[in-house]
Amino acid sequence: MRDAWQHRELWGHLGWQDIKQRYRRSVIGPLWITISMGSTALALGLLYSTLFNQDIATFLPYVTVGFVIWNFILGVITEGTDVFIANEGLIKHLPAPMTVHVLRMVWRQLLFFAHNLAVYVIVLIVFFPALTKPYHMEGDDFMHPGITWTILLVIPAMALVVVNAVWVALLFGIISTRFRDIPPVINSFINLIFFMTPIVWHTGVLNKVTNGEGNWRILIAELNPLYHFVEIVRAPLIGHAQYWHHWVVVGAFTIGGWALAFVALRNYRARVSYWV
Amino acid sequence: MVSIEVWNASVDFPIFDAKSRSLKKLALGKVGGKIGSEGRVPIIEALHDITLSIKEGDRVGLVGHNGAGKSTLLRLLAGIYEPTRGSSRITGKVAPVFDLGVGMDPEISGYENIMIRGLFLGMTRKQMEKRVDDIAEFTELGDYLSMPLRTYSTGMRVRLALGVVTSIDPEILLLDEGIGAVDAAFMSKARERLKDLVKRSGLLVFANHSDETLIDFCDSAIWMDEGMVKQQGSLREVLTAYKGQDPFKYLSPETLARIGGDPVLSTNGGD
């Protein structure tokens, strides 16, 4: 890891290069991703706010922000499984720490995330009046506080998500390099997880459907680790009520995940160049 | 002190086919319980029991047939492969020039590729910015440096790669055979620079099939055969044993004069 830090200029530069590459031959480059994401978020927001009888002014931002965060998580997981396989040439020809390839990928995804935040800014401007005062989500029996200074919590939240992204890519990358079945398995399950995660629907709906009975149904969301990751970043950005248990779960995953990744790194780091 | 020490190192490649790479096979194999040796991954021993000690100032040529393990040995020396058995210790800043297409992005310009290669070799961005002009001058690529790399010929890529590695003052320079693609005039220029580099500091390991090139650059040699060191010694000894004849006998007087000590070159020095 210390090596990788010394190489920060390398992966920093490579990550930038990947982004610049996208601009090179098309006029608006990676903004295409932003546009497609913006229109998807808009369509889904309109559709689901009608389906679930939600107020569009608060539900559309909810879907948009969830979608931006999901795109980052999706990118890290799918490209993370592929990170060493895709860099086979570099790994076999230039001696550099394995973590360089991982950090380059995470950095690139973070830059994409920054691009996509443009959609959030637009949504924020459009719905500013509705989001800055306390509001009510259909199905919740309390008011969300609206956007306040707690929006700053997005910084530590995103930092935590990025820290987790690194171990996910390291661990999944090493396993996938050895067992080539893993990437397709993950790619086919990730779509399912998207629909299981409260992004286009809100957990309040679970309460409403069950009329307060059968609270176990809320476990559908709570047992999904990605829900907690999405929630710590999303809640401050759209002024939702914060729950500390999300942070606790994410913190636990950070520690557990890094422990696993360190074990994998120590035992198999040297094997990766043989396996690719 | 720049050095490479390798003790009894072996490099074994596991050969994963679709079956052994899959989790299913691993899981079912455990359950079935009777798949013994056939369930195990076949292994290719690319290097076997290598013991080497290369010290500062050494200029080592690597010879051997195709598939003898030259490139694998270079990668072991670069630290890309850690030995599966035995151990190795590399002290010094390594600069490998192996496959010239790798580590270079065909879509970006020569300048940007110089930067990326430099960063990969452990330089900082500032250090590389200082060297860019020097590299541009050495490679003689001129305006081509602003063109995307895909417009370059093989020889031009070699120039670029050599320009970068020789400009960054590496302590350990590892060259694979690919760099033969440049023209004679540039070769003589590169030769000067490489010799200078080796003299200043560090050591060189060079895999090549051409006697002349080896004689130019190296003073000792290692003969690789079937993943093992068959012979190690002075260049003349090893080449004589390898080729079955003394290569120095057939050198042109010009070349002999050149290696005889006076490094000043005639214009067609690479003939």
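**Note on the two-chain predicted model**

1. Q231(B) is found in strand β9 (residues 228-234) of chain B. Helices here are DSSP runs of H or I with at least four residues, strands are runs of E with at least two, and both are numbered from the N terminus. Q231(B) is partly exposed, with a relative accessible area of 23%. On this scale buried means under 20% relative accessible area, exposed means over 50%, and partly exposed is in between (1.4 Å probe, protein chains only). Leaving aside neighbours within four places in sequence, Q231(B) is in contact with A221(B), I222(B), W223(B), E237(B), V238(B) and A241(B). Contact means heavy atoms within 4.5 Å. Q231(B) and A221(B) are ten residues apart in sequence, and their C-alpha atoms are 8.2 Å apart in space.

2. On the basis of the note: this is a predicted model, in which local features need pLDDT of at least 70 and side-chain atom pairs count only at pLDDT 80 or more, while totals for chains, interfaces and linings use all residues. Residues are numbered from 1 along each chain as its sequence is written, chains are lettered from A and ligands numbered from 1 in the order in which they are written, and side-chain values use heavy atoms, with hydrogens and water left out.

3. Chain B has an open sheet of three strands in the order β2-β1-β4, with antiparallel pairing. Two strands count as paired if DSSP finds at least two bridges between them. β2 (43-55) and β4 (85-91) of chain B stand at the edges with a single partner strand each, so one side of each is left without a neighbour in the sheet. From one strand to the next, the twist averages 25 degrees. Strand β1 (residues 3-14) of chain B is joined to β2(B) by nine bridges, and F13(B) stands opposite I44(B) in β2(B). Helix α3 (residues 70-78) of chain B packs on the sheet and touches β1, β2 and β4 of chain B; its direction makes about 55 degrees with that of β2(B). For such angles, axes are lines fitted to C-alpha atoms (for helices, over the stretch in contact), and the angle between N-to-C directions runs from 0 to 180 degrees.

4. Strand β6 (residues 172-175) of chain B is covered on both faces: I172(B) and L174(B) on one side, and L173(B) and L175(B) on the other, are all buried. Four bridges join β6(B) in parallel to strand β5 (residues 94-97) of chain B, and four join β6(B) in parallel to strand β7 (residues 203-207) of chain B. I172(B) stands opposite V94(B), and the bridge partner of I172(B) in β7(B) is L203(B).

5. Side chains of opposite charge can pair when their charged atoms come close. A salt bridge is counted when a side-chain nitrogen of Lys or Arg is within 4 Å of a carboxyl oxygen of Asp or Glu. The count comes to 13 salt bridges over all chains. E82(B) forms one with R269(A), the closest N and O atoms being 2.9 Å apart. E82(B) lies in the loop between α3 and β4 of chain B and R269(A) in the loop between α14 (244-268) and α15 (272-275) of chain A, so the pair joins two chains.

6. Within chain B, D12(B) forms a salt bridge with R85(B), with the closest N and O atoms 2.7 Å apart. D12(B) is in strand β1 and R85(B) in strand β4 of chain B, so the pair ties together parts that are 73 residues apart in sequence. D12(B) is buried at 10% relative accessible area, whereas R85(B) is partly exposed at 40%.

7. K189(B) and E140(B) also meet in a salt bridge (2.6 Å, N to O). K189(B) lies in helix α7 (residues 184-200) of chain B and E140(B) in the loop between α5 and α6 of chain B, so the pair ties together parts that are 49 residues apart in sequence. Most residues other than glycine have a negative phi. Phi of E140(B), however, is positive, near 55 degrees.

8. In chain A, R108(A) is in helix α7 (residues 98-126). R108(A) counts as buried at 14% relative accessibility. Not counting residues up to four places away in sequence, R108(A) touches D18(A), I19(A) and E79(A).
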